[in-house]
2 protein chains.
Amino acid sequence: MEVERRSAETDTAKFDAGEMAVAVRAGDRRALARAITLAESDHPDHAAEAVALIDALLPETGGAIRPGSSGAPGVGKSTFIETFGMYLLGQGHRVAVLAVDPTSRRSGGSILGDKTRMDRLARAEQAFIRPSPAGNTLGGVARRTGDPIALCEAAGFDVVIVETVGVGQSETAVSGLVDMFLLIIAPGGGDELQGIKRGIVELADLVLVNKNDGDLRDAASRIASEYQGALSLLRSDSPDWTVPVMRCSALKETGIENIWAAVERHREMLTASGEKAHRRARQAKETLWAEITEALLAELRDAPSTAAMIPALETEVATGNVSPRAAAQQLLGKSKRDGND
Amino acid sequence: MEVERRSAETDTAKFDAGEMAVAVRAGDRRALARAITLAESDHPDHAAEAVALIDALLPETGGAIRPGSSGAPGVGKSTFIETFGMYLLGQGHRVAVLAVDPTSRRSGGSILGDKTRMDRLARAEQAFIRPSPAGNTLGGVARRTGDPIALCEAAGFDVVIVETVGVGQSETAVSGLVDMFLLIIAPGGGDELQGIKRGIVELADLVLVNKNDGDLRDAASRIASEYQGALSLLRSDSPDWTVPVMRCSALKETGIENIWAAVERHREMLTASGEKAHRRARQAKETLWAEITEALLAELRDAPSTAAMIPALETEVATGNVSPRAAAQQLLGKSKRDGND
C-alpha cells in the first residue's frame, strides 16, 4: 500500500479524486502531497479530477489562519519559519508551509534549500512542507498556491504559512491569498534593506526584525524604529490595524510568542470587522477571473494559427512598428476566423 | 466649419481617421480632442478607425517626456500642475495634461474640478488638458490613457503629464505608461500623509513636498526628511537613480525649476542606461496583452449565453459554494460549446 502510493505519486494517471478526498480529509500527508500535485498539474486530463477533488473538499476549506511571509535572502526566513512552526506545533497547531518561488531561475534552488534547512519542521508529524512552483501569472499563483492552501486546510492544517522569496514577483499575488503578510528583515549592512523589492514593504501587515540577538541587538532596534517611522507614512490597508514592527530571534527562539499573538490579534480584527469574509469572497472572485483569463490566453498561445503569429507581433509592437491595438486586433481577428471555420 | 467640427465631436459616426491624422499632426487641439474621443470609444465601429489613426501617427509618437503625478486630495495637485505647466510653457514647451480618474464614484468630479482650477493652463494656446475616464482594468487605462498620450505626442506636445487622483487604483497601471512618477505630498495633519494609498509611495521616482511656504515651511522640511528616511529603506527601481525628495510651493511658484531639472536628469538617466527604450518596449508588450485580455473577457461578458451565467457564478464562488476553478470551467465550457455550434 505504501509502495503503491509512492509509485502513484509520480504516476499522475493513477489519480482518483474520490479516494483522494477521503485520504486528504483524514489528514494523510502523502495523499495531501498527491492531491496538491494533481491540483498543480497543467495536464488537461487532470483538470476535471482536480476540480472534483477541490469541490468535494470545499466545505472543509477556509478555516486556517493564513500568514504569508517574505524577506530578502539572508534575513533568516527559513530559520524563522522553522522556529515559528515548531512553536506552533508546541501550541497544538498543525502547520503547513507552502514555499512559493516563481523565479527559480533567479533564486536558484532556494526552496529545496529552505526545506532542508527546515529539517526539524519537515520531520515533525503535525507539519507539512511543500514547494509551490507557482507560474508567473496571477492565475498561476492562484492555482498553484490557492488550491494547495485549500487542500492543506481540508487536511486539517489550521495554520498555513505561505512563504515567498521576496523577489517581488509573487508577493502581490500571494498577498491576495493570505490573511496577513509578514515582512521579515534583519540587521546588517544597508544592502540587506535595499534588497527588499519596492512594493513588498507596502504589503506588510507585520514587520518582523529577525536576528535580534548578540551583537546585532542595537542594529535590530535601530532598524525597527526606522521601519516604524517609514510605515507611519503609509496608510494601513485596514483602518483597524496599525502595522507593528516586532523584533525576534529565530536562532535564540525569542520574541516568537509575541509575533504569534500579533497574528492572532490581526485575525481577530479581520473577523470582527467582517473584513475576513469580505476578503475571502474577493479572493475567490479574483481567482475565478484569473483562472478564466489564464485559460483564454493559453488557448490563444497554444492554437497553432495564433501561436505562430505571437513572437513576430510582439517584436513589431516592442519595436514600435505596430501599435498594441493593431496587433491585438490582428491576433484576435485570426483566432476568430479560425473559430468560425 | 467650427460649428460642424463641434457637432462632429459629439457625433462619433462622423470620425475620419485620415483627415484626423493630418489635423492632429498639425497640432489642431480640437482634432486632437476628437481623436482621443475616438481612441477612447468602446463602439466596435470605431475600433478599426482608431487603430488606423494611431498607426498612421505611430512614427510621430514616443518623443515626449511623460511625467506621471499623483497625490492625496488637498496636497495642491492641480495648483502644482498649473504652475509646473505654466513654467514649462515659459520654457517653450508644449504641455498636455491627461487627468485619469477611474474611480469617479469615489473621488467625485475631481477632474473637472482640477480642470477648472487649472484655468490659466486651460486657456493657454500651447497647452492641452483632458480628463481621461480610464476604465477599471489595465486594458482600460492602457487604451484610454496610453493612446491619448501617443496622440498628444503626435500633436506635438513634448511634455505629457498624466495626473492620477491618488486613490491607488490606476497609479500602478499609469506608472506603466509614463517615464517617471511624481508623488506630490504636503505638510499638514498626519491625515494627509495617511491618505496616501499604500503602494503609491513605492512607485515614486520623485517625491515633491508642496506648500513649502509661509507657516508651513518647517512642517514641509520635517516631512521631506521623514520621506527621505522612509525611501532610503526601499530599493529604487533603477540602480542609477536615488529617489529625491524636493520641496516647492506651487502657490508661490518657488522650487519649480529644480523639479523640472530633476525630471530632465531622470530622463537623461533613463536614456543613457537604455532603460527608456527597454521600458517603452515592455510597456508596448504589456499594452498588447492588456488589450487582448480585455477583448477576450469582454467577449465572454457580452456573449448572451455566458453573460447570463456570470452573476450567479460569481455569487456561488464568493459564497464558497463552488470553487473558482469549477466556475471557470463551467463558463469556458459553455462559451466553447457555443463557439462550436
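Visitor: How many cavities of 30 Å³ or more does the structure hold?
Guide: This is a predicted model: local features need pLDDT of at least 70, side-chain atom pairs count only at pLDDT 80 or more, totals for chains, interfaces and linings use all residues, and side-chain values use heavy atoms, without hydrogens or water. A cavity is a set of points on a 1 Å grid over the protein atoms alone, where a 1.4 Å probe fits but cannot get out. The count of cavities of 30 Å³ or more is four.

Visitor: How much space lies in the second largest cavity?
Guide: Grid points are joined across faces, edges and corners, and the volume is what probe spheres set on them fill. For the second largest cavity, that comes to about 40 Å³.

Visitor: Which helix gives the most to the lining of the second largest cavity?
Guide: Residues are numbered from 1 along each chain as its sequence is written, with chains lettered from A and ligands numbered from 1 in the order written. Lining residues (an atom within 4 Å of a point) include A:Ile65, A:Asp179, A:His266 and A:Arg267. By class, the lining has five nonpolar, one polar and three charged residues. With four residues, the top contributor is helix H13 (residues 256–272) of chain A.

Visitor: How are H13(A) and H14(A) set relative to each other?
Guide: Their axes come within 5 Å and cross at roughly 80°. A:Arg267, A:Met269, A:Leu270 and A:Thr271 in H13(A) meet A:Glu275, A:Lys276 and A:Arg279 in H14(A). That contact (heavy atoms within 4.5 Å) divides into two nonpolar, one polar and four charged residues. The two helices are therefore roughly perpendicular (65 to 115 degrees).

Visitor: At what angle do H14 and H15 of chain B pack?
Guide: B:Leu300, B:Arg301 and B:Asp302 in H14(B) meet B:Pro304, B:Thr306, B:Ala307 and B:Ile310 in H15(B). The contact has four nonpolar, one polar and two charged residues. The axes of helix H14 (residues 275–302) and helix H15 (residues 304–318) of chain B lie 5 Å apart, at an angle of about 85°.

Visitor: Which C-alpha of chain B is nearest the axis relating the copies?
Guide: Chain B can be laid on chain A with an RMSD of 0.1 Å by a turn of 179° and a shift of 0.0 Å along the axis. The copies are thus related as by a two-fold rotation axis. At 2.2 Å from the axis, the nearest C-alpha in chain B is that of B:Ala230.

Visitor: What share of the interface residues of chain B are also interface residues in chain A?
Guide: The copies meet through the same surface, because the shared part of chain B's interface residues is 100%.

Notes
Copies are superposed by least squares on the C-alpha atoms of residues with pLDDT of at least 70 in both. Axes are lines fitted to C-alpha atoms, for helices over the stretch in contact, and angles run from 0 to 180 degrees between N-to-C directions. Ala, Val, Leu, Ile, Met, Phe, Trp, Tyr, Cys and Pro count as nonpolar, Asp, Glu, Lys and Arg as charged, and the others, Gly among them, as polar. On a 1 Å grid over the protein atoms alone, a cavity is a set of points where a 1.4 Å probe fits but cannot get out, and a pocket is an open set with protein on both sides within 12 Å along at least five of seven lines; lining residues have an atom within 4 Å of a point. Angles under 35 degrees count as roughly parallel, over 145 as roughly antiparallel, 65 to 115 as roughly perpendicular and the rest as oblique.
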